[in-house]
Each structure stands twice: as structure tokens, then as C-alpha cells.
Amino acid sequence: MSEPLLEVKHLCKYFNTSGGVLHAVDDVSFAIEKGKTLGVVGESGCGKSTTGRAILRLHEPTSGEVLFEGNDITKYSMKQMREMRKDMQIVFQDPFASLNPRKTVSEIIAEPFRLHRTLTNKTEREGRVLELMETVGLAARLVNSYPHELDGGRRQRIGIARALAMNPKFVVCDEPVSALDVSIQAQILNLLKQLQEERGLTYIFITHDLSVVNYFSDEIVVMYLGKIVEYTSAEQLFAHPVHPYTKALLSAIPVPRVDAKKERILLKGEITSPINPKPGCRFAPRCEYAKPECFEKSPELRETEKGHKVSCHFAEQF
């Protein structure tokens, strides 16, 4: 493995609530090589989006390290982070909520140039905006349109163009296609893939859609209630899932054939509260293989075979 562009070590993000401390992200560690994609999957509320935002310091991490090109950016000042924004960007889930409704397409895409005080020449700036619009497949005639005049696919293309404005090295894609129609999803995914190949971009791709993450990712992290339960290559995860939660997720993928027979794994039991969690495996109350040890001691994320990490006391038995 070459030197990673991004390395996350023991990242935690907790929120204080009226009921106690919410462990949204708890001891998460992974690394991404330059030009690769790490998929992050799991149910809603498992901490996927919070992880992405904590890496970019849109949420300040509670503890842990985020090493970008070997430098721990959690120790950076706000001024240093402003400079880092050129290299680290995000594409948000909701393409309407993430755009200013009072600004035109041109003004939205040009916003990074204003914030970073680059391309102060109006003609150069307008030329760059049109270039970015062409890159993401937006017609030049839409340059003075407003977000509410466009469909979801075009809005998301605006968000992608804005993210690309400063030529970043790393982009967090936070469920970028979940709010779009299926046909539009394919177009946006193909666009992101093409941009990665052309620009050498490194992605974290956050989604709850396993079919999408299989197509898009080199490696996959499966999260459950703030913890990583499995971490391996996309190929290995789909060929040989180990953690009972991963197996249940994969069994839920629909098979597009009328005569297909597929055994669904139905999870029973109560979901553990992420507020002031007790020691033990957080998946244990829903796991059919759980033993007393699972309720007493939290399992570590460990390598069960080369390149395959699982957080389970009895992973070798599956």
C-alpha cells in the first residue's frame, strides 16, 4: 500500500444531549490512498455523515487524528483550515438545501473564488465558471438560472461544480444521489467516476445503498451505531462478508428477477442506544450469535485475514 492521502485515527465525535452524551462517531480508523474511493455504509443514524463532516471539521472532532498528506488537521487553526478547504471539499446530500436560493448558478459556482480571493478578474472568473459548467454537464444557457428553476440532477451538478472550483484533492460525497431519481442517479455516479479518473480525485462515498457502493468503491467501511464493524475491499466484502450485521445488510439487496430466491436475514431485538452506551458490542442485542462476552466487552476492529478487518469477538467462527 502506498502512502495514504488521508488517514483517520481513533476519530470520535460526541454530542451533549439532555439524556446524556451521544456517541455519534466512536473510535473510527481507516486510510485512503490517493485516487481511490472509500465507501461508508450503514443504516440511517449510524454516524456516516457525521464521520465525513468531522474529517472536514464541519463538526469539530471530540478526539482523534485526521492526517491529510501526513499533517494532523485537527490541530490546525481556522486560518489554516480555510486554506485546507481548497484541497478538501464536500458534495451534500440534498442538492436544493445546499444551494443559496437567492444566487444564480454562476454566483454559486463562483462563490469559492470570492471566499479565497482568487480570480478577481471578472472575465477570467466568468470563463472559469463556464468551464466548470461544461465539465459537469450543465448547459451554458443555465448560467443565470436560479436553483428552484432546475431539477434535482442539475442542482447536484451545480454542487459538484462548486466543489471542483478550487481543484481539490479530496471530496466527501455525502449521499450525493439518494435524493435523485434512479435514472439521474446513474448519470451523477458516472460523472463522479469520470471526474475521479480525469483529475485523480480521492473520495469518501457515504451511502446506505449497497448496490451503489459496490459499483463505486475500492474499499468499504460498514458502520453500526458509530462503530466500524467491518472494513475491507469492495470485492471481498460482497464475496465473503463476515460480520453478522454486514450479512444482514447484503441480504436486503433486492434481486431484479421474479424467480430469484434469496434468504433474507431479519434482525430482531432492540437497537442499543448510542447515548451513554454500556460496554459490550453494540450489535449484540440484535445478533443471533451473541454470547455473554459480547455484552460485557467491546470487540476491537482486528484483521481476521489479510486486508479484512472485523469488529467481532467470534469472527473466525463465521
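**Close-up views of the pockets and the cavity**

View 1. Sorted by class, the lining of the largest pocket holds 12 nonpolar, 5 polar and 7 charged residues (Ala, Val, Leu, Ile, Met, Phe, Trp, Tyr, Cys and Pro count as nonpolar, Asp, Glu, Lys and Arg as charged, and the others, Gly among them, as polar). This is a predicted model, in which local features need pLDDT of at least 70 and side-chain atom pairs pLDDT 80 or more, while totals for chains, interfaces and linings use all residues. Residues are numbered from 1 along each chain as its sequence is written, and side-chain values use heavy atoms, without hydrogens and water. Helix 3 (105-115) is among the elements that supply at least two lining residues, and its 4 residues are the largest share (helices are DSSP runs of H or I, at least four residues, and strands runs of E, at least two, numbered from the N terminus).

**View 2. The second largest pocket.** Here the space is about 470 Å³. Among its 25 lining residues, Ser29, Phe30, Tyr231, Leu301 and Lys309 are closest to the centre. The lining comprises 9 nonpolar, 7 polar and 9 charged residues.

**View 3. The largest cavity.** About 90 Å³ lies inside (a cavity is a set of points where a 1.4 Å probe fits but cannot get out; a volume is the space filled by probe spheres set on the points, which are joined across faces, edges and corners). Of its 14 lining residues, Cys281, Cys287, Ala290, Cys294 and Cys312 lie nearest the centre.

Methods
1 Å grid on protein atoms, 1.4 Å probe; cavity = no way out; pocket = protein on both sides within 12 Å on 5 of 7 lines; lining within 4 Å.
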